[in-house]
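Please read it alongside the sequence and the coordinates.

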Amino acid sequence: CIIASLGFFVLIGRLFYIQIIESEEYQRQAAETQLEVTQIAANRGAIYDSNGNKLAMSTTAWTICVAPNNIKTDTDKELIISGLSEILGVSESYLREKCDRDTLYAAVKARVGKDIVEEVTAFATNNGVSRCIFVEEDVTRKYPYENFAASVIGFVNSDYVGSYGLESYYDEILSGTPGKLISAQDSWGQKMPFEYDELYSSEDGNSIVTTIDEGIQYFVEKHLELAVKEHDVQKRAACIAMDPNTGKILAMATKGDFDPNSYTSLPDSVKEEIQKLPEDEQGAATTQAQYDMWRNKAISDPYEPGSVFKIITLAAALDTNTTTLGEHFNCIGYANVADRKISCWKTFGHGDQTLADAVQNSCNPAFIQIGKNMGIENFQNYFEAFGLTEKTNIDLPGEAASIYHTKMTEMNLASCSFGQTFKVTPIQLITAVSAAVNGGYLYEPYLVQKIISADESVVE
């Protein structure tokens, strides 16, 4: 009786440990064995231009999977490894790792096209391994205009998550909520009747309507690309078209750019340069080249604006009444500031000029005088008022900040008056220039004008 009691006590203790203390772990193991979860992808919302043209959209794709637990012989395993390796373009070692798993299924390659699916299906059927290979419906991202507005739109990565551009900034709005089908299986791994299934439907993402006008964007990209070639630009070029009365971005382009459909592909010239590097440096160089290619120069690269900035200097000077429309300036080809001589682009000078002449001639000595009349305090106040000390908060990731003098000297004021020795981004400058010509209203630039649901009703 004592031995029997001890036996029951041990069994009861063991049952208590399994069912109470470690219950969650055993429930998890049971669920993994008894339940199969099939993800149901949500359709990602589209990205439209202002005229309703789709710049990015979701289309049907498929994921090729293997069922390791259904592979019964080594012959079948080797056949599957060699066959799928050739069709899908993946290594045999990668496939072997998938087939050696103790799982119901393992995804091999995601988002393949219909032609690949048909080839895989024919291979599985003809070789009698259909129970070991199956296909799941999925979605993929398509950019029908290829590199059109690529630095603005961005792309989705291999995990179907928005990376760069609007795809990244509005990822939560576009992505939606995936669904899933939970199916019960018997001890042989076969699906049980339909009544044991539980379906959680996916919820499609909302779409966004941008302010980009396809026509304006086309001409901006066309002429920017010509300019890059004509002037042999090495560090890429950017252009922005903005409605100055709203802050609406009508076009934004960076050249050279990339095709979001194959966003990792580098230009042949870049590949050739990378291949000249030592082998251990090529990986890092490739990654850096891709980041440089994706970078939106219009918002991410501060630069010295030069004479374009004279618009801001002039607006501030007129607003403070430190310069008048009737004022005259004498340019002798240079201006003395502190202990330095700052030259005009016209070596022999422009002579006597009205204010309008000085602007038309883009005369540096005249603007040095305009800046001096305004003074450091006024200049700094207006530099800030035009939004040049902070980011614009445009709805894109990766916006850079400006670089400017917080404590100015007489020499700093002179050089800043004609746009040198500080840096702003193109988006900051066009926003400031818009304020200079629209009556003094500093608008926040934006690229998305509304968010719409699948039935095209306005969400926001």
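**Salt bridges and overview**

Lys255 is buried, with a relative accessible area of 3%; buried means under 20% relative accessible area, exposed over 50%, and partly exposed in between (1.4 Å probe, protein chains only). The model is predicted: local features need pLDDT of at least 70, side-chain atom pairs count only at pLDDT 80 or more, and totals for chains, interfaces and linings use all residues. Residues are numbered from 1 along each chain as its sequence is written, and side-chain values use heavy atoms, with hydrogens and water left out.

- Lys255 pairs with Glu225 in a salt bridge, with 3.7 Å between the closest N and O atoms; the term denotes a side-chain nitrogen of Lys or Arg within 4 Å of a carboxyl oxygen of Asp or Glu.
- Because Lys255 belongs to strand β12 and Glu225 to helix α9 (residues 214-230), this pair ties together parts that are 30 residues apart in sequence. Helices (H or I, at least four residues) and strands (E, at least two) are DSSP runs, numbered from the N terminus.
- Glu225 is partly exposed, at a relative accessible area of 35%.
- Across the whole structure, the search finds 13 salt bridges.
- Asp301 forms a salt bridge with Arg295, the closest N and O atoms being 2.5 Å apart, and another with Lys297 at 3.9 Å, N to O.
- Both Asp301 and Lys297 are buried, whereas Arg295 is partly exposed, with a relative accessible area of 37%.

**Surface patches**

- Patches consist of residues with over 30% relative accessible area and no salt bridge; like charges are joined within 9 Å, and nonpolar side chains (Val, Leu, Ile, Met, Phe, Trp, Tyr) within 5 Å. Accessible areas come from the Shrake-Rupley method with a 1.4 Å probe, and for residues only the protein chains shown count as cover.
- Glu86, Asp115, Glu118 and Glu119 form a negative surface patch. Lys and Arg count as positive and Asp and Glu as negative, while His and the chain ends are not counted; a charge is placed at NZ of Lys, CZ of Arg, CG of Asp or CD of Glu.
- Helix α5 (residues 114-126) gives the most to this negative patch, with 3 residues. Glu118 is found in helix α5 and is partly exposed, with a relative accessible area of 48%.
- Phe16, Tyr17, Ile20 and Ile21 make a nonpolar surface patch of about 410 Å². Phe16 is in helix α1 (residues 2-21) and is partly exposed, with a relative accessible area of 48%.

**Cysteines**

- The count comes to 0 disulfides, a disulfide being a pair of cysteine sulfur atoms within 2.5 Å. For Cys132, the nearest cysteine sulfur is that of Cys99, 8.4 Å away.
- Cys132 is buried, with a relative accessible area of 0%, whereas Cys239 is partly exposed at 27%.

**Backbone geometry**

- Most residues other than glycine have a negative phi, and most peptide bonds are trans.
- The peptide bond from Lys255 to Gly256 is cis, with omega near -5 degrees; Gly256 is in the loop between β12 (249-255) and α10 (268-275).
- Arg111, although not a glycine, has a positive phi of about 55 degrees. Arg111 is in strand β4 (residues 106-112) and is partly exposed, with a relative accessible area of 25%.
- Thr421 has a positive phi near 70 degrees, and is found in the loop between α17 (410-417) and α18 (426-437).
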